[in-house]
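My entries follow in the order I made them.

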Amino acid sequence: LSARAPRFFVMGLPQRPCSAMMAAEDANDDADVAAEALVREVSLVALRRWLASPGSDVEKALKHAMRARHDDLCQETRRDIALCVLGIAVLRGRLAFLLDRYVDPGAGSDAELLLALYHARERFPAGLDEGRARRAALVDARLGPISTRLPPGIATAPLFAEGASPEPAERLAAECSLPLWLARRWIDELGEESALGLGDSMCKPARVTLRTNTMKASRDEVLATIEAKGVRALPTAESPWGIWLPDGRPPGGGVWQLPGFHDGRFEVQDEGSQLIVLATEARPGERVVDYCAGRGGKTWALAAMVAPGGEVLAWDIDAACRKQLAGQRGERAGAAELVTVAQEPPMASHFEGAAGADVVLVDAPCSSMGVLRRHPSQRWAVTEADVRRIAGIQLQVLLEAAVLVRRGGRLVYATCSLLHEENGGVVEAFEGSPLGAEFEPNPLSNQSGRHQRTLLPHIHGTDGFFMARWRQRG
């Protein structure tokens, strides 16, 4: 019997498969090959578009390529295309390192070679289970290699030659697919061991985490309804609102098809983001400013904290974000009456009868170096010069927001970066300014008196975040 016609056994004796079963298997093979041809074609279109514009967003290139073949793509094929393109974006550094070494310098920018190497080394590597190995062999036999320029053995070749002694940053950059400048910074700032753990975590999928909307349900209630649907759900380690789905995105529609989502009983929000909101210690009846509100993930969590009787004033410099904040999401969360979306930079006089806000949260624009696993192409879009420019903006934004805090009120600064220049560096510059002298460090809960905290994916299981908190003197 051929490899694709498995033996069937009855009473321990080998039996020949019936013709109907073989015909069905042939039809499945044809479907697999046709689907794989589409995966290769559309992935190449997306990759070429992305690579042609250095610093661009790979997800936009992916959407454009899939939209052009919308009628030909089923859900499973779309998923395989996305896994290929986004997987290559994440591992581009490692793949390019190998191509530059074993093919030609500059080969790491060739979309066809990147796809071929990803296919051989990451998607269908040696040692696969029998089913996947069979499919890989079938596809390659029918469609041929993605590229004839890929040298034999590169799929299992080592990154470095035996006996080579690359510097730690060079090894980290190659193994964990990072820009060399970022690898050097993480080693300098975190130490070699922690930087390696962090880099490894940035090549793996991020956790799927929910935040209970306590205005509508308790965490135990949401956990029970999700588990009743056969989806594993666990409470998060630190956030009293968080729910972790250890098996990832539920099949058949993701978290949006889970009971309670359309009723506003929960939102999708990383636990680290929830901990930033909790650091404000906002209380019922308080007045809070969400100074860089974005699309409102933290805004609606703050609204639940100040209910009843409080107010959240949300502001973002991006008009599209402000429009989204004023949309239906607040109604679904039951928090629309608690949130005011400012159309101009807020003033302390907004709060009648008070000289400022009880709490101001500044979730500052940043390099996003702490959320690389959620934004695959971001690691290739940001330069060291960008980090210096962003840090200057962050300090300016923090100073603008600090004047909104009333005497005795609290100020929280946060980023989703893991670079000192954007975190501790901005904190030091703020505390050294005349306005910063009006604030005193306000220790965070369970942090041994420290008013700064860094969340690391490989240690805390969250995205990478930084936060610092002060209290206005007086």
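**Cysteines**

I looked up C416 to begin with: at 16% relative accessibility, C416 counts as buried, because the cut-off for buried is under 20%. I keep in mind throughout that the model is predicted.

How far is the sulfur of C416 from the closest cysteine sulfur? I read 3.2 Å, to C366, which is too far for a bond, because a disulfide needs the two sulfur atoms within 2.5 Å.

I then turned to C203. Its relative accessible area is 22%, so I noted C203 as partly exposed. The cysteine sulfur closest to that of C203 belongs to C176, and the 5.3 Å between them is too far for a bond.

How many disulfides does the rule give?

**Helix 9**

Next I went to helix 9, which covers residues 219–228. Which of its residues are buried? I listed V222, L223 and I226. Viewed down the axis of helix 9, these buried residues fall within an arc of 100 degrees, so they line one face of the helix.

What do the buried residues of helix 9 pack against? I found four strands: strand 3 (208–212), strand 4 (234–235), strand 5 (242–245) and strand 6 (266–268).

I also checked the face of helix 9 turned away from the buried side, and the exposed residues there are D220 and A228. After helix 9 comes G230, and I noted that the phi of G230 is positive, near 85 degrees.

**Whole chain**

The chain has 474 residues, and 50% of them count as buried. For secondary structure I recorded 17 helices and 14 strands.

Along the principal axes, I found that the C-alpha atoms fill a box of roughly 85 × 55 × 40 Å. The accessible surface of the chain is about 22200 Å², and carbon and sulfur atoms hold 53% of that surface.

I looked at contacts with a separation of 6 or more: 71% of them are between residues 24 or more positions apart.

Last, I looked up the charges. The chain has 55 positive and 61 negative charges, and I noted 2 Å between their mean positions.

Notes: Residues are numbered from 1 along each chain as its sequence is written. This is a predicted model: local features need pLDDT of at least 70, side-chain atom pairs count only at pLDDT 80 or more; totals for chains, interfaces and linings use all residues. Side-chain values use heavy atoms; hydrogens and water are left out. Buried means under 20% relative accessible area, exposed over 50%, partly exposed in between (1.4 Å probe, protein chains only). Helices (H or I, at least four residues) and strands (E, at least two) are DSSP runs, numbered from the N terminus. The arc is that of the directions from the helix axis to the C-beta atoms. Contact means heavy atoms within 4.5 Å. Accessible areas come from the Shrake-Rupley method with a 1.4 Å probe; for residues, only the protein chains shown count as cover. Lys and Arg count as positive and Asp and Glu as negative; His and the chain ends are not counted. The place of a charge is taken as NZ of Lys, CZ of Arg, CG of Asp or CD of Glu.
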